[in-house]
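Student: I would like to go through the words used for this structure and ask what lies behind each one.

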Amino acid sequence: MKASELAKILGGTLEGDDVEVFACGGLEEARPGDVSFCKDPKHVRLVESTKASAVLLPPEWDKGAPCAVIRVADPNRACMAAARLFAPPEPQRAPGVHPTAIVDPTARLGEGVHVGAYTIIEKNCEIGDGAVIEAQVFIGEGCRVGARTHIYPQVTLREGTVVGADCIFHCGVRLGGDGYGFNNGRREDGSVYIEKIPQLGIVEIGDGVEIGSNTTIDRARIGRTYIGPMTKIDNLVQIGHNVKVKGYSGLIAQSGVAGSTEIGYGCLIWAQAGISGHIKIADGVQVGPQAGVPQTLDGSVKYVIGTPAETMKDFGGRVLLPKMVSKIKAEIKGIKERLDSTQEAK
Amino acid sequence: MKASELAKILGGTLEGDDVEVFACGGLEEARPGDVSFCKDPKHVRLVESTKASAVLLPPEWDKGAPCAVIRVADPNRACMAAARLFAPPEPQRAPGVHPTAIVDPTARLGEGVHVGAYTIIEKNCEIGDGAVIEAQVFIGEGCRVGARTHIYPQVTLREGTVVGADCIFHCGVRLGGDGYGFNNGRREDGSVYIEKIPQLGIVEIGDGVEIGSNTTIDRARIGRTYIGPMTKIDNLVQIGHNVKVKGYSGLIAQSGVAGSTEIGYGCLIWAQAGISGHIKIADGVQVGPQAGVPQTLDGSVKYVIGTPAETMKDFGGRVLLPKMVSKIKAEIKGIKERLDSTQEAK
Amino acid sequence: MKASELAKILGGTLEGDDVEVFACGGLEEARPGDVSFCKDPKHVRLVESTKASAVLLPPEWDKGAPCAVIRVADPNRACMAAARLFAPPEPQRAPGVHPTAIVDPTARLGEGVHVGAYTIIEKNCEIGDGAVIEAQVFIGEGCRVGARTHIYPQVTLREGTVVGADCIFHCGVRLGGDGYGFNNGRREDGSVYIEKIPQLGIVEIGDGVEIGSNTTIDRARIGRTYIGPMTKIDNLVQIGHNVKVKGYSGLIAQSGVAGSTEIGYGCLIWAQAGISGHIKIADGVQVGPQAGVPQTLDGSVKYVIGTPAETMKDFGGRVLLPKMVSKIKAEIKGIKERLDSTQEAK
């Protein structure tokens with residue numbers, strides 16, 4: 001697309017060469033052919049060194065640019081609009097079942113459902129109106145998927161999984177695998193045994209839940225592992241059996257929640273954090289990145305960090321310990337010297 | 001199911017309304033339609049506030065309940081039995097090869113093997129009697145899978161993988177990917193090179209091993225990456241090349257073991273723990289959650305925690321350091337005051 | 001294979017029984033039928049106790065062995081050669097498209113491309129000469145894959161992903177999933193909202209990149225998430241949206257990089273490390289295992305470790321804190337005693 005054409009679409013005006021542009025990128029990572037944007041004069045250096053072919057700038061910008069400029073009222077918003085123009089077209093998943101999909105005759109599909117190639121939908125499943133089940137998905141017996149839920153390729157839902165409406169599951173999501181549960185000990189003859197505890201429950205996902213690539217959520221031992229409405233789960237997260245996430249919470253990449261723990265409303269679990277089993281995280285609590293939470297957080301503290309998790313203030317104090325100890329050592333040295341002189345003085 | 005019907009099946013007696021029940025759930029998470037259970041009078045508050053439609057209680061319970069009660073001798077056991085009744089039916093994977101499965105003519109399938117839709121079994125594979133290979137699985141050339149092993153959908157076994165009998169592999173398990181091995185340095189002309197080291201070995205899994213969803217186990221550089229019998233591996237675990245797990249051990253979710261390390265019999269590696277490469281963990285040692293183990297553990301300590309891993313006592317002491325340092329600061333202040341007064345006194 | 005036959009192939013000479021050998025293994029893990037190797041006399045104990053059927057030893061070795069010996073000039077190199085002989089044959093992926101693969105007519109396939117069974121290649125994709133796309137892969141609309149790139153089974157590339165030449169993607173790799181991005185807050189009526197931010201960019205992978213099993217790389221919000229040439233990524237790694245890895249770097253298993261962060265050339269991110277979003281890691285910096293990096297590393301320190309990440313020296317000092325504090329307590333006790341005696345003396 002010509003920069004002039006883009007300027008027209010964005011309601012801006014072009015200054016400089018009418019270059020060809022075909023992608024968006026931040027000032028630093030932009031490459032020739034990219035359109036970038038800047039709003040704040042304090043980033044003037046980044047504008048000066050950008051390799052973008054054109055940059056979206058506000059009317060008041062008077063610092064120039066090393067490339068074509070498109071003046072627009074709101075560079076951020078204009079860049080989002082440009083990104084939308086350049087984005088790979090969202091693939092159309094038209095209603096209908098691909099001829100290679102294997103949908104059991106007892107499964108009930110709502111209006112306008114899309115089922116992709118090589119997808120398998122087993123007995124007694126129910127798929128809600130307008131749901132998109134992409135290619136190579138596996139949906140086991142008796143699953144229910146709500147209206148407009150979008151399941152990307154190569155997701156697996158084990159038997160009995162219940163999914164609400166308007167959910168998005170990215171590639172490789174695994175719902176309903178057996179929870180990790182074993183009895184072990186020694187038999188009368190002294191030999192060791194490890195015995196699988198049957199995992200008889202299900203996974204139930206509320207409305208509006210998004211789950212990232214390769215995240216795993218285990219079925220309950222009995223009852224349900226429950227992810228409440230509007231919860232947003234990132235990639236490679238692990239949710240153990242019988243966990244309950246009330247809703248409106250976020251779980252960032254590679255975090256994990258052990259079995260039977262309850263996460264309140266509006267919590268945020270940051271990346272790589274780990275939460276022990278059989279505890280509760282109160283509504284609105286945030287667990288910082290890489291934190292390890294061994295026990296219930298009752299909400300009296302709103303943000304914890306570290307392993308074992310503590311307040312930001314305590315964690316900050318702990319980080320400073322080496323300096324404090326050095327200072328103490330110096331003080332002790334001084335005290336000893338004073339003592340020496342005191343005793344010599346006698 | 002009517003509560004009266006359930007009571008009859010469980011050999012108990014119904015007190016109160018003959019409500020409809022269709023699932024199980026713990027006292028706290030239970031919802032209308034659920035059966036819950038309680039054994040211990042100390043949980044009376046949870047019984048009082050449960051939303052279950054019926055609760056399984058022991059004969060001696062005299063504290064009432066806000067819903068129907070089914071009296072049974074052993075509430076825990078009865079609830080497991082009820083859970084089994086309500087559980088989604090375990091899908092029947094009858095013997096036979098689905099017409100869409102692609103099984104190489106040189107592959108040998110034992111008696112009663114199930115092969116699901118869109119599964120691929122390549123040349124020279126051997127699948128033992130009664131094994132269940134579900135849908136959309138990939139089994140590369142020359143793999144061997146033991147009798148009664150159950151492989152859930154979308155598992156991949158790269159060429160040459162050897163699997164024992166009675167194993168369970170959950171969705172998305174990846175066995176036999178190349179280990180991470182590269183030579184790098186600079187050529188005579190100063191340019192950098194990174195060169196792949198061929199990964200020529202295999203993965204070998206003993207009998208009775210269970211592997212959780214999306215767990216990855218790499219093939220050996222030479223020889224075998226070995227997971228011994230009855231080892232139970234949770235979801236999203238990473239096992240590097242040439243690791244040897246002797247057997248009867250557990251590796252909990254998101255833990256990782258780097259290349260060439262050996263894990264003894266009866267070890268337990270807790271969630272998100274990391275174990276360095278080329279070391280040994282002695283029989284029966286437990287590595288706590290999020291611990292990082294940089295060197296061999298000879299078994300003189302049975303449980304380690306922290307990064308770098310140390311004894312529970314040392315870790316506990318470390319956690320208390322800020323308090324100890326505060327106390328020390330107070331003591332130093334006191335000492336200085338005494339010194340001041342001593343010197344003034346002179 | 002007979003040991004004598006192997007000796008001949010390796011240009012060595014057999015001493016002892018002409019045993020049958022069929023695999024390789026290190027001295028400690030070797031089993032009957034294995035060939036092992038030793039070069040260094042200091043490992044004589046491991047040779048003495050090995051269960052290998054034959055061991056490759058150098059000419060000068062005079063310490064005997066409990067099994068057949070094959071004398072070779074360079075035992076390490078000879079063992080690699082033997083491993084290659086015993087390795088499962090690398091499956092041949094001949095040029096051609098499997099009849100069950102679904103390749104959109106608008107997709108352009110180069111010369112000699114292999115497309116495996118049940119693989120899906122959507123509209124307007126371009127696959128370079130000699131690329132191998134194995135079975136059960138999903139390649140969304142408009143993706144480009146470079147020459148000779150090898151994609152193992154059950155990988156997914158979402159629409160618009162761009163991949164260079166000579167890459168290797170292991171099973172379960174997920175490229176181009178939506179980044180984790182939400183706006184949230186409260187509406188005028190007090191109700192909470194969580195709103196998905198459109199993820200309009202792509203993933204772009206340079207030449208020679210290897211990506212391990214079940215690793216996930218998110219598409220950019222706008223622009224590209226970029227993995228530069230020759231970067232080697234291990235299993236279960238998470239790369240957030242708009243991350244830029246310049247190239248020639250390594251990211252070891254279960255590490256994670258949050259959104260918009262830039263990793264320089266020649267960096268090494270060790271296992272389970274986590275790197276915050278919107279920061280920079282300078283060229284050549286190494287981030288130790290389980291480290292947590294909260295802010296930009298400018299390259300003045302070449303190796304960091306711990307959470308928050310610090311120098312190896314500072315981390316080592318921190319590890320020693322409990323000992324230092326114990327020593328300080330002892331010193332304070334001594335000081336108090338001196339003070340007591342000083343005051344008593346008065």
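This is a predicted model: local features need pLDDT of at least 70, side-chain atom pairs count only at pLDDT 80 or more; totals for chains, interfaces and linings use all residues.

Student: What makes the contact of α1(C) with α3(C) nonpolar?

Tutor: Look at who takes part. From α1(C) come C:Leu6, C:Ile9 and C:Leu10, and they meet C:Ala78, C:Ala81, C:Ala82 and C:Leu85 of α3(C). Leu, Ile and Ala count as nonpolar, so the contact divides into seven nonpolar residues, no polar and no charged.

Student: How do you know that α1(B) and α3(B) are oblique to each other?

Tutor: Helix α1 (residues 3-10) of chain B packs against α3(B) at an angle of about 120°, with the axes 10 Å apart. Again, the roughly perpendicular range ends at 115 degrees and the roughly antiparallel class starts over 145. The two helices are therefore oblique. Their crossing is right-handed. In this contact, B:Leu6, B:Ile9 and B:Leu10 belong to α1(B), while B:Ala78, B:Ala81, B:Ala82 and B:Leu85 belong to α3(B). The residues divide into seven nonpolar, no polar and no charged.

Student: Why is the relation of chain B to chain A called a three-fold axis?

Tutor: A rotation of 120° superposes chain B on chain A, with 0.0 Å of shift along the axis and an RMSD of 0.1 Å. That is why the relation is called a three-fold axis. For chain A and chain C, a rotation of 120° with 0.0 Å of shift along its axis places chain A on chain C, again with RMSD 0.1 Å.

Student: How do you know that chain A touches chain C, and which helix gives the most to the side of chain A?

Tutor: Two residues are in contact if their C-beta atoms lie within 7 Å. The contact takes 52 residues from chain A and 53 residues from chain C. On the side of chain A, β2 (23-24), α3 (75-86) and α5 (321-345) each supply at least two residues. The most comes from α5(A), with eleven residues. By class, this side has 29 nonpolar, 16 polar and seven charged residues.

Student: What makes up the contact of chain B with chain A?

Tutor: Here 52 residues of chain B are in contact with 54 residues of chain A. On the side of chain B, α5(B) gives the most, with eleven residues. That side divides into 29 nonpolar, 16 polar and seven charged residues.

Student: How do you know where the domains of chain A lie?

Tutor: The domain assignment gives domain 1 (3-86) and domain 2 (96-274) of chain A. Their centres, taken over C-alpha atoms, are separated by 42 Å.

Key. Residues are numbered from 1 along each chain as its sequence is written. Chains are lettered from A and ligands numbered from 1 in the order in which they are written. Helices (H or I, at least four residues) and strands (E, at least two) are DSSP runs, numbered from the N terminus. Copies are superposed by least squares on the C-alpha atoms of residues with pLDDT of at least 70 in both. Domain bounds come from an automatic or database domain assignment. Axes are lines fitted to C-alpha atoms, for helices over the stretch in contact, and angles run from 0 to 180 degrees between N-to-C directions. Angles under 35 degrees count as roughly parallel, over 145 as roughly antiparallel, 65 to 115 as roughly perpendicular and the rest as oblique. A crossing is left-handed if the near helix is turned anticlockwise from the far one by less than a right angle, and right-handed if clockwise.
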